[in-house]
Structure formats: C-alpha cells, structure tokens
Amino acid sequence: MSIEYHEEDVPHVLAVDDNLIDRKLVEKLLKTSSCRVTTAENGLRALEYLGLKENQQQNHFNGKGTKVNMIITDYCMPGMTGYELLQKIKESSVLKDVPVVIMSSENIPNRINECLEKGAERFMLKPLKLSDVLKLRHQLIKCSTL
Amino acid sequence: MAAVSQLQRQFIEYTTSLYNEGYLDDQFTQLQKLQDESNPEFVVEVVSLFFEDSEKLLNNLATALQQKIVDYKQVDSHVHQFKGSSSSIGAQRVTNVCVHFRNYCEEKNLDGCLRCLQQVKHEYILVRNKLETLFRLEQQIVQAGGSIPMME
C-alpha cells in the first residue's frame with residue numbers, strides 16, 4: 001500500500017544513535033510508521049543538524065530549512081549522552097517544544113526519572129518494537145506548519 | 001527441482017528450532033515484520049551489518065584484552081556495543097554472554113573476560129552460520145518459485 005504524502009503532512013524525525021545497526025533499525029521503524037527520517041551518529045552531529053552548535057546562527061529553520069517534529073535519541077553515546085543532548089535542546093528557545101524521546105537498553109529508574117524531569121517526552125527501552133513506534137507516532141507527532 | 005512445499009517445511013522446521021534453542025528471539029521476528037516490497041532485502045541487510053560490526057568488535061576486544069595494562073572501560077564499551085547490536089537483531093545467546101562479560105569488566109577480572117571473549121566468539125560464529133543457512137533456504141524457496149512462509 002503506498003500513500004501519497006505532501007511534504008508538510010509527513011512528520012520529520014531526527015534519530016540519533018552511535019550504533020550503526022540500531023540507527024538502521026530505528027530509521028526503518030520510523031519510515032514504516034510513515035515518518036521522514038534523518039539520522040545522526042552522535043550528539044554533536046545532531047546539534048549541527050539542528051543548528052544548535054556553538055557559533056552557529058540560530059534561526060527558525062534549524063539549519064537546513066527543514067523542520068524537525070521529533071527527536072529520538074539513544075542515551076549511551078560517546079562524547080555527549082542523550083541526556084546532555086536533551087538538555088541542549090530544552091535550552092534552545094527555537095527547539096524546546098520539539099518532543100524528545102530517549103532510548104536505552106538499560107532499565108535504570110534514576111536514569112529514566114532524570115530524563116523525564118529534564119523534559120523528555122518519553123523513555124523507551126531497546127530494542128524497539130514496531131508497535132511501540134507506531135504508538136509513538138500517533139501520540140506525539142503534531143505536524144504543524146509554520 | 002526441489003518441491004517448494006518440502007523446502008518451505010524445512011524452512012519452518014529450521015526457523016522453529018532456532019527459536020527453541022534460543023539462538024534467535026522475538027526481536028528477529030520484529031525485523032522480518034519490517035521487511036516489505038519497498039525494502040525486500042531489509043533483514044539480510046541488517047544482519048550483514050551485524051556480521052561486519054561483530055567481526056570488528058571481536059578484533060577490538062581481542063586487542064584490548066592483550067594490552068599490558070587492560071583498559072576495562074574500553075573493553076566494556078566494546079561489549080556494550082556488541083550487546084546492543086546482538087539484542088537489536090535478536091541474537092539472544094550472544095546478548096546473554098555479553099551480559100556476563102560486562103560483569104567481569106566491572107570486576108576487572110581478566111580471566112573472566114578472556115573466557116567470555118571465547119564464549120561470545122563461539123556464540124557469534126554459531127548464530128552467523130545458522131542465519132546464513134536460513135538465508136540460503138529462503139533463496140532456494142524463492143528460486144523454486146515459492147514464497148517464504150511467515151512465522152507467527
């Protein structure tokens with residue numbers, strides 16, 4: 001079954017994960033859930049894409065003129081953790097309202113609370129299932145045109 | 001030419017045994033659910049990535065454990081990757097060894113780590129062979145004009 005989407009109707013998700021297999025998997029899960037996906041292999045790349053890296057001009061079009069409707073990120077990443085990435089996003093006036101979902105293979109209550117308190121929309125345990133992502137897509141992503 | 005139904009029965013039996021013996025878990029089924037006409041090679045692609053990645057990780061682990069002064073944080077970081085990717089494709093037995101491996105890293109137990117390295121390599125080779133056999137069976141079915149049975 002193929003559905004024709006107009007650019008504005010398809011939610012655009014930025015998926016961040018340092019693990020290649022997980023990146024490919026989350027991309028497929030999101031595409032199967034009718035999302036457009038951009039992947040980043042670490043927090044720094046994600047920030048660059050979002051236009052949040054230091055010295056980058058902040059504008060309403062986060063970097064490349066493409067609006068991001070949701071960010072889903074792994075927690076354990078080298079350099080910058082998912083939590084630190086979440087912090088940076090919440091500190092941005094332009095991006096603080098974009099829902100951020102944190103994924104982790106480890107079920108650590110302190111970690112989960114910390115992320116939720118920082119404003120993560122949801123914490124999901126890996127490995128992700130298609131049913132989880134479909135639910136997420138329906139519940140979280142609001143496609144609003146500027 | 002081999003009968004399609006015979007091949008399909010073989011496929012079902014083989015797949016069932018892989019789940020029963022714990023080589024694969026439900027996550028592998030999840031991968032299969034994601035395969036469709038727009039991406040008919042998805043499972044093979046992801047599993048091939050896993051094979052490449054695993055072989056790199058095994059080499060890195062061997063090197064890290066051969067150092068005069070072992071950096072257990074580094075070893076743990078490799079095992080964490082391995083645990084993650086094996087879990088994502090449903091290679092349950094590999095994941096299980098990784099769990100023990102991480103405990104030995106935490107304890108800085110070199111013997112334990114070396115034993116786990118052997119074990120994880122062994123389990124990886126086993127599941128790789130099993131998956132290659134599974135993919136070969138699939139190919140045979142398709143070549144004989146049949147369709148691959150859906151495993152529920």
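B:F101 touches B:L61, B:L65, B:V75, B:V79, B:C113, B:C116, B:L117 and B:V120, leaving out residues up to four places away in sequence; contact here means heavy atoms within 4.5 Å. This is a predicted model, in which local features need pLDDT of at least 70, side-chain atom pairs count only at pLDDT 80 or more, and totals for chains, interfaces and linings use all residues. Residues are numbered from 1 along each chain as its sequence is written, chains are lettered from A and ligands numbered from 1 in the order in which they are written, and side-chain values use heavy atoms, with hydrogens and water left out.

Let us stay with B:F101 for a moment. The residue lies in helix α5 (residues 92-107) of chain B; helices (H or I, at least four residues) and strands (E, at least two) are DSSP runs, numbered from the N terminus. Is B:F101 buried or exposed? B:F101 is buried, with a relative accessible area of 1%. Buried means under 20% relative accessible area, exposed means over 50%, and partly exposed lies in between (1.4 Å probe, protein chains only). B:K83 is 18 residues away from B:F101 along the chain, and the C-alpha atoms of the two are separated by 9.6 Å.

Two of the contacts of B:F101, B:C113 and B:V120, also take part in a helix pair of chain B. In that pair, B:Y72, B:F82 and B:I89 of α4(B) meet B:L110, B:C113, B:V120, B:Y124 and B:L131 of α6(B). By class, this contact has eight nonpolar, no polar and no charged residues. Ala, Val, Leu, Ile, Met, Phe, Trp, Tyr, Cys and Pro count as nonpolar, Asp, Glu, Lys and Arg as charged, and the others, Gly among them, as polar.

The table sets out the geometry of both pairs. Axes are lines fitted to C-alpha atoms, for helices over the stretch in contact, and angles run from 0 to 180 degrees between N-to-C directions.

| Helix pair | Axes come within | Crossing angle |
|---|---|---|
| α1 (residues 20-32) of chain A and α2 (residues 26-34) of chain B | 10 Å | roughly 50° |
| α4 (residues 72-89) of chain B and α6 (residues 110-143) of chain B | 13 Å | roughly 25° |

Two residues of the pair between chains deserve a visit. A:K28, in helix α1 of chain A, is buried with a relative accessible area of 8%. Beyond its neighbours within four places in sequence, A:K28 is in contact with B:L34, B:D36, B:S38, B:N39 and B:F42. B:Q27, in helix α2 of chain B, is buried too, with a relative accessible area of 4%. Setting aside neighbours within four places in sequence, the contacts of B:Q27 include A:L25, A:P127 and A:L128 from chain A, and B:S87 and B:I89 from chain B.

Finally, step back to chain A. Its secondary structure comes to five helices and five strands, in the pattern β-α-β-α-β-α-β-α-β-α along the sequence. Of its 146 residues, 48% count as buried.
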